[in-house]
Amino acid sequence: MEDSDRKRNLADALSRTDSLIDRFSDILKGDLSGQEHPKRDFTATANRIIDGPTKVKALPQAQASHALQVQVTPQTQTTRMDGFNARPSATASTMRVKDDERLHMSFNSLLQDCQNCRRCGLCKGRKNVVFGSGNVERPIVMIVGEGPGEEEDIMGQPFVGKAGKYLDSWLSPISLSRDNIYITNIVKCRPPQNRDPHPEEKTACYPFLQQQIEIIHPQAILCLGKHASNFLTGQLDATMGAMHGRFYFFDGIPVICTYHPAAVLRNLALKRPVWEDLKKLARYLGLPIQGRSK
Ligand code: SF4
């Protein structure tokens, strides 16, 4: 069978499964009206699954280096593999060290490429590239936001401003912390005046995110806000209302979407749906729920 046929069949199958999940979810909520939900287009997801990951091309190294402050966990630190403290055997642990060495080499090389990147116009106004921060060795969750703001640009770190501090208050109630997650954005350079990133900027920056996901392979991805959610789920026209709290898959990794903390700070009515989404993620991962998010 041709690849194009396989992609079409897979996109159809995903779409049918998605409709069934919608119906099932309505029934669970007690809605027996049999209402039709808008059909989602899974072409992009099917293409990604069948084509497999795209490798990042070699990027020019000759650009001036920026004072990047990215937290890559040093080799000597205790690895928080998955938060459940499995104790590896001696052989397994030797293999782990080699795996970790490879992981750090790939990750550092990607980081260097990103530091020097001038693929889109956002490089012109940046003070720092904001590549990402957190646990790179099998984090429980990778959080993906939209793009760096002013403080992130100055510090070279993601989610360090007001929204980032608020995001921290979402983590501990579901047994997460900055130690067992990795945080990054769709675009690694700050859009001027915090405007939305343009489609061509997201596309230009996407290979970095794709490689970050492929290298560190989180157990799940949490998308914050519409830009990250649309982009990683392939549901380019879907609203946050339609996407939040639903599970998607990116290269086999479960993805759940919720509202951006900055949006919740502007509209406190979104706190409740966010908490429901976070609980769904915690239950999926088997993480204890303690208290509730603010
Ligand atoms: S936003 Fe991404 S693609 Fe654009 S210059 Fe920065 S690192 Fe490169």
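**Helix H7 and onward**

Guide: This is a predicted model.

Visitor: Which residues does H7 span, and how many of them are buried?
Guide: H7 covers residues 225-233, and nine of its nine residues are buried, so the helix is mostly covered.

Visitor: Which ones are the buried residues of H7?
Guide: They are Gly-225, Lys-226, His-227, Ala-228, Ser-229, Asn-230, Phe-231, Leu-232 and Thr-233.

Visitor: And what share of the protein counts as buried?
Guide: The figure is 38% of the 294 residues.

Visitor: How many helices and strands are there?
Guide: The protein has ten helices and six strands.

Visitor: Now the ligand. Which residues come nearest?
Guide: Cys-117, Cys-120, Cys-123, Cys-189 and Cys-205 do, out of 14 residues around the ligand.

Visitor: Which element gives the largest share of that shell?
Guide: Helix H6, residues 199-216, with three residues.

Visitor: What about the classes in the shell?
Guide: Ten residues are nonpolar and four are charged, while no polar residue is present.

Visitor: Back to phi. What is the value for Arg-138?
Guide: Phi of Arg-138 is near 50°, which is positive in a residue other than glycine. Arg-138 sits in the loop between strand S1 (133-134) and strand S2 (141-145).

Visitor: Why is Arg-138 called partly exposed?
Guide: Because 19 other C-beta atoms lie within 10 Å of Arg-138, and a residue needs 20 or more to be buried.

Visitor: Where is Asn-194?
Guide: Asn-194 is in the loop between strand S3 (181-185) and H6. Its phi is positive too, about 55°, although Asn-194 is not a glycine.

Visitor: Different topic: contacts. What share joins residues at least 24 apart?
Guide: Among contacts between residues at least 6 apart in sequence, that share is 78%.

Visitor: What is the average pLDDT?
Guide: The average is 80, and 71% of the residues score at least 70.

Visitor: Where does pLDDT stay under 50?
Guide: Over residues 53-90, for which the model has 63 contacts beyond four places in sequence. Where pLDDT is low, the predicted coordinates should not be read in detail.

Technical notes:
Residues are numbered from 1 along each chain as its sequence is written. This is a predicted model: local features need pLDDT of at least 70, side-chain atom pairs count only at pLDDT 80 or more; totals for chains, interfaces and linings use all residues. A residue is near a molecule or strand if its C-beta atom, placed from the backbone, lies within 6 Å of it. Helices (H or I, at least four residues) and strands (E, at least two) are DSSP runs, numbered from the N terminus. Ala, Val, Leu, Ile, Met, Phe, Trp, Tyr, Cys and Pro count as nonpolar, Asp, Glu, Lys and Arg as charged, and the others, Gly among them, as polar. A residue is buried if 20 or more other C-beta atoms lie within 10 Å of its own, exposed if 12 or fewer, and partly exposed in between; C-beta atoms are placed from the backbone. Two residues are in contact if their C-beta atoms, placed from the backbone, lie within 7 Å. pLDDT is the predictor's confidence in each residue, from 0 to 100.
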